[in-house]
Amino acid sequence: MLLQFWILKIIWLAGIPTGLYAFVHALLQRSDAFTAVGKLSKPAWLGITGAGLILLAVLTSGPITIIWIAALIAVLVYLVDVRPKVTEVQKGSSW
């Protein structure tokens, strides 16, 4: 039980700067890049990553753990799926 507590605590602590990075990255991208790659709009991703960051920063442990885990998953979806495509479309042609 103690090991589980520390593993969750480490994941939670790593999730806060991850959420901040995702939110700032979404904030700095052009709005048309999101729709160009067929993803949700920039305001939608700002809301998702911003809410994820807030939930990660506020919630710590106990029965609410599932909520910050869901918030972390939402942030990771942005980083793994949306960020690479948005970044790629803004680079332009590699020719």
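Predicted model: local features only at pLDDT ≥ 70, side-chain atom pairs only at ≥ 80, totals over all residues.
The protein chain contains 4 helices and 0 strands, so its elements, read from the N terminus, follow the order α-α-α-α. Along the principal axes, the C-alpha atoms fill a box of roughly 55 × 25 × 20 Å. Of the 95 residues in the chain, 29% are buried. The chain exposes about 5,900 Å², with carbon and sulfur atoms supplying 75% of that area. If you take the contacts between residues at least 6 apart in sequence, 67% of them join residues at least 24 apart.

Now to the packing of the helices. Two packed helices are described by the angle between their axes and by the distance between those axes.

Let's return to H1 and H3. Their axes lie 9 Å apart and the packing angle is about 160 degrees. Because angles over 145 degrees count as roughly antiparallel, H1 is roughly antiparallel to H3. On the H1 side, the contact is made by Trp12, Gly15, Ile16, Gly19, Leu20, Ala22, Phe23, Ala26 and Leu27. The H3 side brings Lys42, Leu46, Thr49, Gly50, Leu53, Leu56 and Ala57. Sorted by class, this contact has 11 nonpolar, 4 polar and 1 charged residues.

Next comes H1, residues 2–28, against H4. Here the axes are again 9 Å apart, with an angle of about 40 degrees, and that makes H1 oblique to H4. This crossing is left-handed. H1 contributes Leu8, Ile11, Trp12, Gly15, Thr18, Gly19, Tyr21, Ala22, His25 and Ala26. From H4 come Thr65, Trp68, Ile69, Leu72, Val75, Leu76, Tyr78, Leu79, Arg83 and Thr87. By class, the contact of H1 with H4 has 13 nonpolar, 6 polar and 1 charged residues. Trp12 of H1 is worth a look on your screen: Trp12 takes part in this contact with H4 and also in the contact with H3.

The remaining pair is H3, residues 42–58, with H4, residues 65–91. Their axes come within 8 Å and cross at roughly 140 degrees, and H3 and H4 are therefore oblique to each other. H3 passes H4 in a left-handed crossing. In H3, the residues involved are Trp45, Ile48, Thr49, Gly52, Leu55 and Leu56. They meet Ile67, Trp68, Ala71, Leu72, Ala74, Val75, Val77, Tyr78 and Val82 in H4. The class count for this contact is 13 nonpolar, 2 polar and no charged residues.

Where does Leu40 sit? Leu40 is in the loop between H2, residues 31–36, and H3. Is Leu40 buried, exposed or partly exposed? Its relative accessibility is 45%, so Leu40 counts as partly exposed. Leaving aside residues up to four places away in sequence, Leu40 touches Phe34, Trp45 and Ile48. Two of these contact partners, Trp45 and Ile48, are H3 residues that also meet H4.

How values were computed. Residues numbered from 1 in each chain as written. Heavy atoms only, no water. Axes fitted to C-alpha atoms, helices over the stretch in contact; angles between N-to-C directions. Helix = DSSP H or I, 4+ residues; strand = E, 2+ residues; numbered from the N terminus. Parallel < 35°, antiparallel > 145°, perpendicular 65-115°, else oblique. Left-handed = near helix turned anticlockwise from the far one by under 90°. Contact = heavy atoms within 4.5 Å. Nonpolar A, V, L, I, M, F, W, Y, C, P; charged D, E, K, R; others polar. Buried < 20%, exposed > 50% of the residue type's maximum accessible area, 1.4 Å probe, protein only. Areas by Shrake-Rupley, 256 points an atom, 1.4 Å probe, with all protein chains shown as cover.
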